Amino acid sequence: MKLQSPGYEIHRREDRTGYETPQGTMPSVTTILGATSSPESKARLEAWLARPGAAAESARACKRGSWVHEQLENHLSGLPVKRHLAFGGYLNSMLPWVEANIIEPIAMELPIWHPAGFSGTFDLLAYTDDSPHVTIVDWKTSKRPRSADLVENYAQQLSAYRLGLTHTYGVTPMRGILVIGRPAASKPDVWIYEADELDMREELFLQRVTDFQTQ
């Protein structure tokens, strides 16, 4: 399988406020999820950000995530993978899973959008070793196990990208996989979502899009 070009450009704005799409600027999936999180989740995030050194730690986590994404893309493209003293453990926990499960990458780091009012960039579309259907994969990294509500946010993010893939490229993945690299683990944390689970979360995400638009 090869994704066909949608025939137009979608690109992220330089100020990172969203993506330019055929229907104008649209907010990203992550922006919508953050703005529509539960009051409890928002309170926990605000408390965490109020800690000394939290801003630097957050910036480091973003840098770490970008580096790991880049190396996974290099690996799947047959390019050399770099090493990093601080971030290497996250990548090392993920590479064996990638080698054992990803059979054929189809597309990586492509933008999507949807007329419901969202946009973004998915990590990986691929065939895996245990399914004849195409799968959408999302990479994350975390020092500690993620809370149930945050993993649910990630699952809805996967579902939103799937919905955007259907609209933008005409391809609907039948499964989604969330892979979270851990620094001191021999394997990542992995969640697999079948089509019905993704369908349900697409509806939840679309409601959050509506909530975001009315805020």
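This is a predicted model: local features need pLDDT of at least 70, side-chain atom pairs count only at pLDDT 80 or more; totals for chains, interfaces and linings use all residues.
**View 1. The open five-stranded sheet.** The strands follow the order E4-E5-E6-E7-E8, and their pairing is mixed. Strand E4 (102-114) and E8 stand at the edges with a single partner strand each, so one side of each is left without a neighbour in the sheet. Direction ignored, neighbouring strands of this sheet are turned by 30 degrees against each other on average.

**View 2. Strand E7 and its burial.** Seven of the seven residues of E7 (residues 175-181) are buried, that is, under 20% relative accessible area, so the strand is largely enclosed by the rest of the structure. The burial concerns both faces, with Arg175, Ile177, Val179 and Gly181 on one side, and Gly176, Leu178 and Ile180 on the other.

**View 3. The partners of E7.** Strand E6 (residues 134-141) runs parallel to E7 and is joined to it by seven bridges, with tryptophan 139 standing opposite valine 179. Strand E8 (residues 189-194) runs antiparallel to E7 and is joined to it by six bridges, isoleucine 192 being the bridge partner of isoleucine 177. Together with helix H5 (residues 148-169), E6 and E7 make a right-handed β-α-β unit.

**View 4. The pairing of E5 with E6, and the helices packed on the sheet.** Strand E5 (residues 118-128) pairs with E6 in the antiparallel sense over four bridges, and tyrosine 127 stands opposite valine 134 in E6. Helix H4 (residues 88-101) packs on the sheet and touches E4, E5, E6, E7 and E8, its direction making about 150 degrees with that of E7. H5 also packs on the sheet, touching E4, E5, E6, E7 and E8, and its direction makes about 80 degrees with that of E4.

Notes: Residues are numbered from 1 along each chain as its sequence is written. Side-chain values use heavy atoms; hydrogens and water are left out. Buried means under 20% relative accessible area, exposed over 50%, partly exposed in between (1.4 Å probe, protein chains only). Helices (H or I, at least four residues) and strands (E, at least two) are DSSP runs, numbered from the N terminus. Two strands pair if DSSP finds at least two bridges between them. A crossover is right-handed if, with the strands pointing away from the viewer, the path from the first strand over the helix to the second runs clockwise. Axes are lines fitted to C-alpha atoms, for helices over the stretch in contact, and angles run from 0 to 180 degrees between N-to-C directions. Contact means heavy atoms within 4.5 Å.
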